[in-house]
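Please have the sequence and the structure open as you read.

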Number of protein chains: 2
Amino acid sequence: MKLPEKVTVKEVGPRDGLQNEKAVVATAEKVAWVNALSDTGLTYIEAGSFVRPEWIPQLADTGAVLEKIRRKPGVTYAALVPNVRGLERALNAGVDEVSVFMSASEGHNLRNINKTIAETYPVLEKVVKEAKNAGKSVRGYISTVIACPYDGPVSPKQVKEVAGRLFAMGVDEISLGDTIGAGVPTDVERLLGELLKDFHARQLAMHFHDTRGTALANVVKSLEMGITVFDSAAGGLGGCPYAKGAAGNVATEDLLYLFAQMGIETGVDLGRIIQAAQQIEKTIGRPLASHQMEIYRMAGGA
Amino acid sequence: MKLPEKVTVKEVGPRDGLQNEKAVVATAEKVAWVNALSDTGLTYIEAGSFVRPEWIPQLADTGAVLEKIRRKPGVTYAALVPNVRGLERALNAGVDEVSVFMSASEGHNLRNINKTIAETYPVLEKVVKEAKNAGKSVRGYISTVIACPYDGPVSPKQVKEVAGRLFAMGVDEISLGDTIGAGVPTDVERLLGELLKDFHARQLAMHFHDTRGTALANVVKSLEMGITVFDSAAGGLGGCPYAKGAAGNVATEDLLYLFAQMGIETGVDLGRIIQAAQQIEKTIGRPLASHQMEIYRMAGGA
């Protein structure tokens, strides 16, 4: 297997995790959690989102979180931004990097941001331009890159079309999200096979959910195709809180085990990530069930 | 990716699953379960074990199970056999295929069968010879092919040595077990890379536990290396019953999803496997948590 020597793990728990939790976590608890994550060796933490507070009350205090955390040198603190108003709030809070987001499928884009794909581009273009003017790097999220809960399978060409538009706006990196966790390695191969015709592997990140247990298999195929940036959430946070064990984001600690055993460097401390996962588990008050957390429990750790 | 068109899924839930459950399941429930599994399209079901009943009381009634099940044409009903006395009982019960077992590591072999590896060979040799004389095919299990809970990492050469001895005895197929579920695809590549120097891919099966969430990634790497036989247990049965969510065998239904999405034929009905998993879940009285079962629950299925 041809594998990279080193990869970057981008922690999205405070945003993609907490936005899908039933519990609204207090600002002080979020700050404590982001501070704990900052001490694990992670170099990138997505701290929240500046969408309208009434849409996602769980993240309404992202500005306060960004202002109150202890900024660790070498760590990028990012946040999602839906439009220029959100960008203003993010810049005021001192965000390091902004992320714009849209879907590769019309159905999901319409339901998620209430706009068609064509209507979304000019909104994001304005955000990217102003973020760049403010000296910020910009990440672009594309959701439903393999399948859409409304439209079914999504073609790699459609994903490439959206990615091309985002890169043309000046986006620095695109994170490709298998939002419903339906993908398998052949899907990843087709998707990346198409995108790598036009873009470099270093411009792309993969964002897998472990809904069907295929996330690590998809990560391995992505590694083999040259991808070196992966999103994950400590504790596998972000599953549907109404169904026990329903997996959300691939768990950071499960990803770290895989990389460590494959001899791939991350710079992140697995034990500290498990501690951080236990911290947020206590805060949200529901059991998290990543594989590494279960092993830690079985070993009598907690 | 170079992938096989068709694979065989061998269901080990009634043996490797139930032997690790706290609950002792009544014979009638086991019979009903094996009968349900027989109607899913599976062609191979490991129905139990003829080890001494006091060692594994959960499987003490394997003879009765084999005698009472409805034998579906085209399905092979197998059972584990530790020695010639167990073989006699298995033959009397009308087993179709017998499985012998040992470990690739001394530590696990000693604790599991109370013999050194060298002491184990003559015992198995006798079983294989007599089983063959009785017209039965023989499967050989090798445990701890990647890592041993007592000895640590296990070298591919050591696994190949054991496999060579078993094949020399006349074993038809060897199932390579990552007993503690520690393996990652690079381990699988090293292991199979070594074994495929001497043996054909069609002589080998892979048996993964999903303890660390790497089972499907390991299956994909095995597929890419030509393996076409995989062991699994409906419901992911067989995890430590004392720890919620602690994964046992890779779940048959999760494996089936992977294969279906990758365009690989199995002949097994995913929906019926989920039904069978729900049946045994009710019987053992603890929640099973395969990914496909959770999705079914979330969809309001049960």
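Two strands pair if DSSP finds at least two bridges between them. That cut-off matters for the first part of this report. The model is predicted.

**A strand in chain B**

Strand β9 of chain B spans residues 204-208. Two bridges join β9(B) to strand β10, residues 229-232 of chain B. The two strands run parallel. In this pairing, His207(B) stands opposite Asp231(B). To get from β9(B) to β10(B), the chain passes through helix α9, residues 215-224 of chain B. This β-α-β crossover is right-handed.

β9(B) has another partner. Strand β8 of chain B, residues 173-178, is joined to β9(B) by five bridges. These strands also run parallel. Here Gly177(B) is the residue opposite His207(B). Helix α8, residues 185-198 of chain B, belongs with β8(B) and β9(B) to a right-handed β-α-β unit.

The table sets out the two pairings.

| Partner of β9(B) | Residues | Bridges | Direction |
|---|---|---|---|
| β8(B) | 173-178 | five | parallel |
| β10(B) | 229-232 | two | parallel |

Is β9(B) mostly covered or mostly open? It is mostly covered, with five of its five residues buried. Its side chains point two ways. Leu204(B), Met206(B) and Phe208(B) point one way. Ala205(B) and His207(B) point the other way. Residues on either side are buried.

**Chain A as a whole**

Now turn to chain A. Its fold contains 12 helices and 10 strands. The radius of gyration is 18 Å, close to the 19 Å that the globule rule gives for 302 residues, so chain A is as compact as a globular protein of that length. Along the principal axes, its C-alpha atoms fill a box of roughly 55 × 45 × 35 Å.

How much of chain A counts as buried? The share is 59% of its 302 residues. The chain exposes about 11200 Å², and carbon and sulfur atoms supply 49% of that area. Take the contacts in chain A between residues at least 6 apart in sequence: 73% of them join residues at least 24 apart.

**One residue in chain A**

Ser222(A) lies in helix α9, residues 215-224 of chain A. Its relative accessible area is 0%, so Ser222(A) is buried. What does Ser222(A) contact, leaving aside neighbours within four places in sequence? Its contacts are Val188(A), Leu192(A), Met206(A), Phe208(A), Ile227(A) and Phe230(A).

Key: Residues numbered from 1 in each chain as written. Chains lettered and ligands numbered in written order. Predicted model: local features only at pLDDT ≥ 70, side-chain atom pairs only at ≥ 80, totals over all residues. Heavy atoms only, no water. Buried < 20%, exposed > 50% of the residue type's maximum accessible area, 1.4 Å probe, protein only. Helix = DSSP H or I, 4+ residues; strand = E, 2+ residues; numbered from the N terminus. Right-handed = clockwise from strand over helix to strand, strands pointing away. Rg over C-alpha atoms; globule rule 2.2 N^0.38 Å. Contact = heavy atoms within 4.5 Å. Areas by Shrake-Rupley, 256 points an atom, 1.4 Å probe, with all protein chains shown as cover.
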